[in-house]
Amino acid sequence: MKLCSIKFNRNFFFKRPLPALALFVILFSSCNITRNVPEGKYLLNKTTIKSESKDIPAGDLEVYLRQKPNKRIVGFRFHLRVYNTASPHKYKGLSKWLKTIGEEPIILDTFLTTQGRKNIKLYLQSKGYYQSIVKDTIIFKGKKADVTYSIDTKAPYIIGKIKYVIEDTSIYRLVLKDSLNSLVGKGKRLDMDLLQEERTRIQNYLQNSGYYFFTKEYITFTADTSVGNHQVHLLLNVKNGFKFSETGDKKPLKFLKYKINKVFLYPNYDVRKLISLQNTNLIDTVIYNSINFVFLSNPGIDFKVVDQLNLIRPNDYYSDEIVKKTQNNLNSLRLFRMVNIFFNEVIADTTKKNKVDDFLFFNDNVTKDSISYGLLNCYIQLTTHTLQSYQVEFVGTNTSGALGAEGNLNYQHKNLFKGAEIFDVKLRGLVETVQKTNNLTNFDFKYSIELGGSIGLSTPKFLSPFANKEFIQKHSPRTQITTSYNFQRRPDYTRTIASLLFGYNWRNSKYLTHTINPVELSVINITNLSDTLKKQIAGKFLENSYKNQIITLSSYSFTYNNQNLQKSSSYTYLRLNVESSGNILSAIYSKYGTKSNDSTYHILSTSFSQYLRSDINITYHQVIDNNNTFVYRLFAGVGYPYGNSKALPFDKKYFAGGANSIRAWSARSLGPGSVKAGSSNYFNQTGDIKIEANIEYRYKIFWQLEGALFLDAGNIWAFKDENDKAIFKPKEFYNQIALGTGTGFRANLGFLTIRFDFGLRLYDPAIPNNNPNIQKWVFMRKNRFTNQDWAFNFGIGYPF
């Protein structure tokens, strides 16, 4: 039996990559995929689920199938074909390797087909479709088999009436009071998953109302389907617990609400030291704001910092929600590697234990009178991280396609002033390549050097006149103060930036983070402009971006990210940023100051910038299965200079192209508008407006190697420019959207992802309309592709 054999012309592939790639796929697809299927057996070619019910999508049922066909990449069974390429009877060398990375053919098993049909039937019944009909049909085509599951759900059972039978009257009143929030009600389908969610909802509600020992195991449902007409009478039962008497009879127990009796907080918990020193005087207990702080010699942290984040207070009723919030608050300090909170019931007893036993062995036996609620002691154990750490890093970098090497020296103290203040000192050195634009294939590089450092202090104190305890307890805000200095020497200019930042950040919910920087001051000094760059920007609006400037910035941003790191599922990432600069200074100087020779106001002989800028980045990761994912991204940004500025500062301008943008263009080589990149030594195309959209299909190949197919679209534009082609025009901008496509490979090493992307231009807006020999649509050209029509990008991490 012959192996698949494919031949192609090397020159044809490089001159016409798209047709060559298509031909390669067609030829490769012609190989016999059933070559390793035994006689009398059939390759499971396809499984199809047919369901006309909108409430039960076919995609939701695939998980219940016991057998699925070989995995595909864009409809292509790559892994099966790799396996078939190996010699069937060899298990060493290349054949062993091909079989390891490939996937052996999935052979039809009718028993598993039947099991899949039964699983679907059981699932439909759990969703209320008790009279549903599921059939499986197998169609044989040569040595292949297609399996089709046909589903007729019939009419579902609907809840006609719901009745509550709850023995405990206090529980009964609470459940009825909250019945408006019930997930189960009249007119809804009898869905087992919904009933389970309702049990969990009632449990959470009662535990948040003080019923510490209540669990959903006390809740049962009874469904009466004999009513007729697909109606169900539902009975919700909550039975009391019980204990056995001395005579062996069951004695019912009512549910008790529980209050917090005492709170013991261990700020530097170490169980071995506590036990070894239990009979010494080295264990201290200090009562601060009704909380018992238990520690050895030195608590290690200001009591006030921990106390303001602890929501569990004596004499309050127990609430599971409050416990979780307290745990999140304490974790937000980033000082503790473990936060453990647990409770012990106070037992009625006339025998008193000594004080050490109370806080060390978590007992508190006290005399209790007859009361209507129970008592709990709370124990909060905080185990600290190593307070001081040093870190030295040497990593490869990729900044929009510029490769380089970076060295970092970081020092961090997590509790500098005993108030969970995080003190950071960072030193950074970077060397990156800068590619010349005159020939993309010669890899003619020069280098940029960057040196810098920063000192930062992050404190859990909300340093604001508007601070209040309720906000701090609810959101755990942090105040950030950072100062930094950066020196950058490029082939075409030298720049230094000195910055000071004062801001706040906090989490509004599990997925939402806010950052406000009321003050961000930057002093930018640009020197040593090359003669070529001077000529390029002379007399243009862009020249204003290369002047010394002072930026007085205020900004706000929020980030939404609902990614679940515990499982592979679809998620959305959204980031919105708004910033402004120079408005307060402009108002002051317009009344009291005078303009300099360049018609702008100056501070210490340096003009200050004035602008508004905002951008939004939305990314949606659609996880199809463990091997296939689609990623969709949309970015839109705009910056508008006015007043004291004629142009945005260079760092605040947008650019397109590169490893994380339109990958068929090199970094900073696209736009603005339909302007073609100049003939200067280095790409430096920038704009005031940016619109970008990306679609990427990611698939796993084998081991840690992943592949990708992508389509990129976008461009940048200017508000003001000497070249009319660069200006954003609402009625014309869509004709200047650049299109690129390509493929890539990623090595996901866990701690690092290395990425290679090959981008090919589809539509180039910089091609002039009056040139009959070169089309904007690249694939419509009569002559061959040029070196300018593709770009190779190396990246660290995923593009988005």
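Reader: How many helices and strands make up the secondary structure of the protein chain?

Author: The secondary structure comes to 14 helices and 31 strands, where helices (H or I, at least four residues) and strands (E, at least two) are DSSP runs numbered from the N terminus. This is a predicted model, in which local features need pLDDT of at least 70 and side-chain atom pairs count only at pLDDT 80 or more, while totals for chains, interfaces and linings use all residues. Residues are numbered from 1 along each chain as its sequence is written, and side-chain values use heavy atoms, with hydrogens and water left out.

Reader: What share of the residues of the protein chain count as buried?

Author: Of the 800 residues, 44% count as buried, a term that means under 20% relative accessible area, with exposed meaning over 50% and partly exposed in between (1.4 Å probe, protein chains only).

Reader: Why are helix 6 and helix 7 called roughly perpendicular to each other?

Author: The axes of helix 6 (residues 169-177) and helix 7 (residues 192-207) come within 11 Å and cross at roughly 115°, the axes being lines fitted to C-alpha atoms, for helices over the stretch in contact, with angles from 0 to 180 degrees between N-to-C directions. Angles of 65 to 115 degrees count as roughly perpendicular, under 35 as roughly parallel, over 145 as roughly antiparallel and the rest as oblique, and the two helices are therefore roughly perpendicular.

Reader: Which residues of helix 6 and helix 7 meet?

Author: Ile171, Leu174, Val175 and Lys177 in helix 6 meet Ile202, Tyr205 and Leu206 in helix 7, where contact means heavy atoms within 4.5 Å.

Reader: What makes strand 10 and strand 12 the edge strands of their sheet?

Author: The open sheet of five strands has the order 10-11-9-13-12, with mixed pairing. Strand 10 (283-288) and strand 12 (336-345) each pair on one side only, and two strands pair if DSSP finds at least two bridges between them. The twist averages 25° from one strand to the next. Helix 10 (residues 320-331) packs on this sheet, touching strand 12 and strand 13, and its direction makes about 155° with that of strand 12.

Reader: How do you know that strand 9 and strand 13 pair, and how do they run?

Author: Nine bridges join strand 9 (residues 257-266) to strand 13 (residues 373-384), and the two run parallel; in strand 13, Asn377 is the bridge partner of Lys262.

Reader: How many bridges join strand 30 to strand 31?

Author: Seven bridges join strand 30 (residues 753-763) to strand 31, and these strands run antiparallel.
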